[in-house]
Amino acid sequence: MVMKPLFALMLALGTPEHPRPVVKELVQYTLRVDSTDLSGWTIELRFQNKSGTFRLAMAAHPEYDDRYWRYVRDVAVEPSGTVTRLDSAVWQLSAPQGWVTVRYRVALPPPEPGLRASWRPFLTATGGLVGGPHAFMYLLGGEQMPVAVILELPRSWDVATGLRDAFRDTDQGRLQRANQRIWGYAAVDAASLMDSPILVGRLRQWRFVEAGVPHRVVYWPLPNAAPFDTTRFVSGIQAIVHQTLALFGTAPYRDYTFMFEDGAYGGGLEHRNSVTLGASSTDLARDPNSGVQEAAHEFFHTWNLLAIKPIEYRDIDYRTQPPVSSLWFSEGLTMYYADLLLRRAGIPLRDSTRTAHLERLIGSYLFNPAYARFSAESISQVAYNVQPGELGDYSGSTHLQGELIGTMLDFIIRNSTKGLRSMDDVMRLLFNQASPRSPSPEGRGGQGVRTNGRVIEQAVESVCGCDVTPFFDAHVRHAAAIDFDRYLGLMGMTTRVTWAPAAYNGETERDLRVWGFESERDSTLRLVINNPASAWGRAGLHSRDRLVGLNCAPVRTWAELRAKLQAFRLGDTVHVQVQRAARFEATVVVAGFERPTVRIERLPNATVAQRRLAEAAIF
Ligand SMILES: [Zn+2]
């Protein structure tokens, strides 16, 4: 067995009785999963304690803070010392100076009803997801120290992670101890450790190389997984990698791992050189490309969000991420490219053409009054880490608003440069600013310019050679509704919008635009109104009203409310009892509502140059 030098170092550090000269300070973790107790895992953390007293914390993910500090049990330190919980996510420990070992257990919460989120940890007899901020505490003040990770796992399991190998590939899992196999990994710092979830278990794996960089596709199947066409599945992924690298020219990673999980819903979570994604084998059996659009979205975030990084993002923190004002770009342009790159790769999409896609997006935009009332920056700032109802009786999608802003900017750029440049050039420019070439082969990227609205605006202006400040003032910093015809007109196109009663499967759709959420703060069921012009908004109901009952019968959960709503018929009268400062009863008559349909058409006087621009933008 040949070890890489780092692992030799880890082993040297592993014998506190015989301390050896330390080349580099290191925090060493051991994560152990015992196949006879899959209720959680144990963590052992070792480092040289120089101050006697130190603090450990559980990091908060900037988007999905699952607050796994709630599930930490039995924190203990050796040689013996004291453990004090300072805050929900922070522990203070004291122990004699020198090598110290901290042990704790993460006891997994019971599974939620329905499908799992692909980024949440789980354990089953055939594998699970471990690691990241759900598992590892980090040393406050030691965030920059390199990290070594030992995994002790059931014998039949494999490992997929974006962490660097600390063993040679062929030696991973060869060491054995008490019916467990041992794997070794490393990370340059605590942030990289948190950013690298670890998929473990009986895995299927494929590899390919694009632009000289190795990529790995891993699938964790449920025991009863449906068979699917894995060649088409992997070639779909490779096609989007190919298109993304063709756009940017270089990758901000040394290697990349796609981690697909059966039994999780089709969302994903991006990381700097890996992604977790839900993809059920039944869906893949029906269509091997069923997960490729979500994969394209999360993969694109490697550039647009993680390398081209909003100014507000921290590397690692246990406190909740403060609001981020440029998510309209990080999410919206990622939506834009998830659609565009699949079309460039020739993979069929739900919207059969790019025109149909834009028609659907504009229809959704016109249907929702939030976009004419809240700026892109305001909607960005409430995209994560807030309770529903943060915008009162409105709610908008930063993804949708940002995708349309990006599309209009693309039209402006193409028009100003006579078709020579496009949004592609803006993305390349921002990536080059954000990730200047690093002199070190370990260059991590994302160390350059951070983005905000002004940085994005300047990048657009330097690509188009035009003034987009009025556009950014109107739609990014303020809340003017987008005049789509103005920008489509640059390409010789226009919209035709018709409003008609909403129908579903040939039947008039009922206005059931009221939702409920169960507030963790006070265990109440609260309403969400997303349009004050809905029947529920017009009846005087507001977001965050505490729901007491419907027609005088108590309603306690969102599932109960949904079931009752679904049972109403057109013309029914509903009495809604809510509690605010005072009790209030609204009377709602269930009615239909109107929805816009958008068609994009060519203007009769469109010039040849305009038609060429439109074709280049894939219309
Ligand atoms: Zn996203």
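The model is a predicted one, in which local features need pLDDT of at least 70 and side-chain atom pairs count only at pLDDT 80 or more, while totals for chains, interfaces and linings use all residues. Residues are numbered from 1 along each chain as its sequence is written. Helices (DSSP runs of H or I, at least four residues) and strands (runs of E, at least two residues) are numbered from the N terminus.

On the α5 side, the contact is made by Val292, Gln293, Ala296, His297, Phe300, His301, Asn304 and Leu305. The α6 side contributes Ser330, Leu333, Thr334, Met335, Tyr337, Ala338, Leu341 and Leu342. Contact requires C-beta atoms, placed from the backbone, to lie within 7 Å. By class, ten of the residues are nonpolar, six are polar and none is charged, where Ala, Val, Leu, Ile, Met, Phe, Trp, Tyr, Cys and Pro count as nonpolar, Asp, Glu, Lys and Arg as charged, and the others, Gly among them, as polar.

The second pair shows another arrangement. Helix α9 (residues 398–416) packs on helix α11 (residues 453–464) at an angle of about 25 degrees, with the axes 9 Å apart, and α9 and α11 are therefore roughly parallel to each other. Leu409, Ile412, Ile413 and Ser416 of α9 meet Val460, Val463 and Cys464 of α11. This contact has six nonpolar residues, one polar and no charged.

Turning to the interior, a nonpolar core is a set of buried Ala, Val, Leu, Ile, Met, Phe, Trp, Tyr and Cys residues joined through C-beta atoms within 7 Å. A residue is buried if 20 or more other C-beta atoms lie within 10 Å of its own, exposed if 12 or fewer, and partly exposed in between, with C-beta atoms placed from the backbone. The largest nonpolar core holds 143 residues, and Val149 and Ile240 have the most contacts inside it. Helix α6 gives the most to this core, with eleven residues. Another core lies apart from it and has 14 residues, among them Leu527, Ala535, Leu561 and Ala586. Beyond its neighbours within four places in sequence, Ile240 is in contact with Val292, Ala295, Ala296, Phe299, Leu341, Leu342 and Ala345.

Two valines in strands round out the picture. Val33, in strand β1 (residues 27–34), is buried, with 21 other C-beta atoms within 10 Å. Not counting residues up to four places away in sequence, Val33 touches Trp41, Leu123, Val130, Leu153 and Pro154. Val33 and Pro154 are 121 residues apart along the chain, yet their C-alpha atoms are separated by 6.9 Å. Val589, in strand β30 (residues 583–589), is partly exposed, with 13 C-beta neighbours inside 10 Å.

Finally, some backbone details deserve a look. The peptide bond from Glu78 to Pro79 is cis, with omega near -5 degrees. Arg544, a residue other than glycine, has a positive phi near 75 degrees.

Definitions and conventions. Axes are lines fitted to C-alpha atoms, for helices over the stretch in contact, and angles run from 0 to 180 degrees between N-to-C directions. Angles under 35 degrees count as roughly parallel, over 145 as roughly antiparallel, 65 to 115 as roughly perpendicular and the rest as oblique.
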